[in-house]
Amino acid sequence: MSKPVVLIAEELSPATVDALGDGFETRYCNGADRAELLAAIVDVDAVLVRSATKIDAEALAAASRLKVIARAGVGLDNVDVKVATQAGVMVVNAPTSNIVSAAELAVGLLLSAARHIAPANQTLRAGQWKRSAFTGTELYEKTLGIVGLGRIGVLVAQRLSSFGMRVIAYDPYVQAGRAAQMGVRLVSLDELLAEADAISVHLPKTPETVGLIGAEQLDKVKPGVIIVNAARGGIVDEQALFAALKEGRVGGAGLDVFATEPCTDSPLFELANVVATPHLGASTNEAQEKAGVAVARSVRLALAGELVPDAVNVQGGVIAEDVRPGIALTEKLGRIFTALADGIVSQLDVEVRGEITAHDVKVLELAALKGVFADVVEDNVSYVNAPLLAAERGVEVRLVTDADSPDHRNLVTLRGTRADGSQVSVSGTLVGIHQRERLVEVDGYDVEIEPTERLLFVRYQDRPGMIGTVGGLLGEADINIAGMQVSRDRQGGHALVVLAVDSPVPADVGEEVRVAMSADWVRRVDLAV
């Protein structure tokens with residue numbers, strides 16, 4: 001088989017390619033060159049980008065085989081996540097790769113603005129010695145206001161606390177108790193504006209945060225405040241900031257991001273009390289290597305069909321080690337479930353019981369949906385588009401958890417309702433130290449058989465000779481039986497036989513079995529395809 005193709009559209013660290021390994025064909029292009037990108041992306045399985053490559057609807061339409069878009073960094077302004085999700089393409093980034101670098105730059109910008117380092121450097125290089133012109137401000141015992149107490153905001157708080165600064169923060173999504181544990185006092189935005197001697201912005205760019213600090217807010221700041229934005233351009237209104245700096249209401253600013261980038265011409269650059277850098281938050285060797293290695297690992301997981309914790313358009317989160325072995329089993333249960341149901345059900349319950357319910361098991365719901373739709377839609381089914389496929393087909397999905405599991409340490413059951421109101425169910429578990437997969441229940445019948453690649457299910461009226469009948473017919477078709485389980489609701493009632501076979505059961509052989517046994521139904525499952 002040919003290797004999956006990975007397109008690297010921008011310069012990434014050598015460690016990125018090393019992390020991919022030799023199981024891929026690696027290609028390169030200049031993603032900033034639109035024509036070159038559209039030609040190169042046509043037949044690739046994954047594309048790795050930074051910030052200069054735009055993966056939009058046009059690029060996604062050209063990429064017929066694309067399964068993964070990997071952004072070696074945090075921001076996703078250059079990736080149309082909605083269109084990618086609709087196309088079933090996973091989008092991954094490296095959410096923690098640059099947090100230390102970004103936090104350190106924010107601290108550097110604040111120090112530079114407080115001590116006028118940039119203009120002092122420029123005048124000295126111009127042959128002027130102007131000590132008195134650059135009297136600065138100590139940070140010790142001043143108040144730092146952090147707008148957005150996420151991962152980077154927390155790192156900035158920790159670092160500047162060591163400077164002897166008091167730290168307050170505005171973040172409506174953080175509990176006061178959590179902030180207090182870090183020595184940070186939560187306040188409203190207006191309180192922060194009024195109290196802070198320095199303000200550092202650490203928010204994502206969303207419709208709600210664009211222009212969050214504008215003319216109205218800058219009218220409320222403490223005179224002489226220093227404002228730092230190393231998060232996203234547009235959160236601080238640049239025109240309002242320029243006016244506040246000119247009037248002296250704001251004493252200085254440190255800016256690494258701008259509303260429109262690249263930005264090489266701004267009135268802010270004319271002001272001596274502004275230190276500006278060209279979006280350098282992630283521009284360290286360490287951050288670039290972390291980002292490249294992180295997304296390379298995510299690409300490997302995604303192309304292997306596994307859920308990726310850093311995927312931004314997949315529900316779920318970090319997968320606990322105790323939950324991970326159940327993912328493949330649950331996906332198989334989904335495929336078996338659809339075969340037994342003979343189509344798509346109107347309602348699907350994914351029931352998870354036992355010790356693993358102490359962890360987040362949302363991933364098992366996704367795995368079940370991926371399996372349920374794998375054999376009934378033409379498009380590639382992934383953890384990304386499986387929930388969309390369910391919604392489009394009107395399938396109501398519920399995840400049900402219960403720590404109590406009387407018969408098994410852990411148990412996953414898929415239970416659904418067909419359009420005619422009848423029920424269908426299938427259950428599986430993992431057994432032993434090697435966590436071997438077992439099918440343990442089908443439509444209420446107790447069984448115990450390994451869900452091998454090829455299975456045959458037959459429900460029939462319990463009577464003598466039926467096992468010989470199915471065995472004979474499969475033997476005549478040169479199909480070897482590797483395992484078998486028989487279960488019945490009562491003597492002479494209905495029975496179910498589950499057979500693991502070594503080769504596919506053709507449709508005509510399945511029909512022969514149904515007729516010869518007068519079976520209620522026969523279902524063939526081929527997990528090898």
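What follows is a set of questions and answers on a predicted model.

Trainee: Which residue of S10 is the bridge partner of Ile199?
Mentor: Start with strand S9, residues 198–201. S9 pairs with strand S10, residues 225–229, in the parallel sense over four bridges. In S10, the partner of Ile199 is Ile227.

Trainee: Which residue stands opposite Ala198 of S9?
Mentor: Look at strand S6, residues 143–147. S6 and S9 pair in the parallel sense, over four bridges. Opposite Ala198 stands Leu144.

Trainee: Are the residues on the two faces of S9 buried or exposed?
Mentor: Take one side, with Ala198 and Ser200. Then take the other, with Ile199 and Val201. Both faces are covered, and all four residues named are buried.

Trainee: What is the bridge partner of Ala70 in S5?
Mentor: Strand S4, residues 68–71, runs parallel to S5, and four bridges join them. S5 spans residues 90–93 and is covered on both faces: Met90 and Val92 are buried on one side, Val91 and Asn93 on the other. Within S5, Ala70 is partnered by Val92.

Trainee: Which are the edge strands of the open sheet of four strands?
Mentor: The order is S20-S21-S19-S22, with antiparallel pairing. An edge strand pairs on one side only. That gives S20 (481–488) and S22 (521–526).

Trainee: How many bridges pair S19 with S21?
Mentor: S19 covers residues 454–461, and S21 covers residues 494–501. Leu455 stands opposite Ala500 in S21. The two strands pair in the antiparallel sense, and the bridges number seven.

Trainee: Which strands does helix H16 touch?
Mentor: H16, residues 466–476, packs on the sheet. Its direction makes about 145 degrees with that of S19. The strands touched are S19, S20 and S21.

Trainee: And what angle does the direction of helix H17 make with that of S22?
Mentor: H17, residues 507–517, also packs on the sheet. It touches S19 and S22. With the direction of S22, the angle is about 150 degrees.

Trainee: Why is the pair of Phe258 and Phe269 edge-to-face?
Mentor: The count comes to one aromatic pair. Its ring centres lie 5.6 Å apart. The planes stand at 90 degrees, and over 60 counts as edge-to-face. So the pair of Phe258 and Phe269 is edge-to-face.

Trainee: Is Phe269 buried or partly exposed?
Mentor: Phe258 is buried, with a relative accessible area of 6%. Buried means under 20%, and exposed means over 50%. Phe269 has 34%, so it is partly exposed.

Trainee: How many residues has the largest nonpolar core?
Mentor: Residues with the most contacts inside it include Leu348, Phe373, Val426 and Phe457. Val426 touches Leu333, Val412 and Leu439, among others. Apart from this core lies another, of 30 residues, among them Ile168 and Val221. The largest core has 50 residues.

Trainee: At what angle do helices H13 and H14 pack?
Mentor: H13 spans residues 326–341, and H14 spans 362–374. The contact includes Gly326, Thr330 and Gly334 of H13, and Leu364, Ala367 and Gly371 of H14. The crossing is right-handed. With the axes 7 Å apart, the angle is about 35 degrees.

Definitions and conventions. Residues numbered from 1 in each chain as written. Predicted model: local features only at pLDDT ≥ 70, side-chain atom pairs only at ≥ 80, totals over all residues. Heavy atoms only, no water. Buried < 20%, exposed > 50% of the residue type's maximum accessible area, 1.4 Å probe, protein only. Pairing = 2+ DSSP bridges. Contact = heavy atoms within 4.5 Å. Axes fitted to C-alpha atoms, helices over the stretch in contact; angles between N-to-C directions. Phe/Tyr/Trp six-rings, centres within 6.5 Å; stacked < 30°, edge-to-face > 60°. Core = buried A, V, L, I, M, F, W, Y, C linked by side-chain atoms within 4.5 Å. Left-handed = near helix turned anticlockwise from the far one by under 90°. Lists of a residue's contacts leave out its neighbours within four places in sequence.
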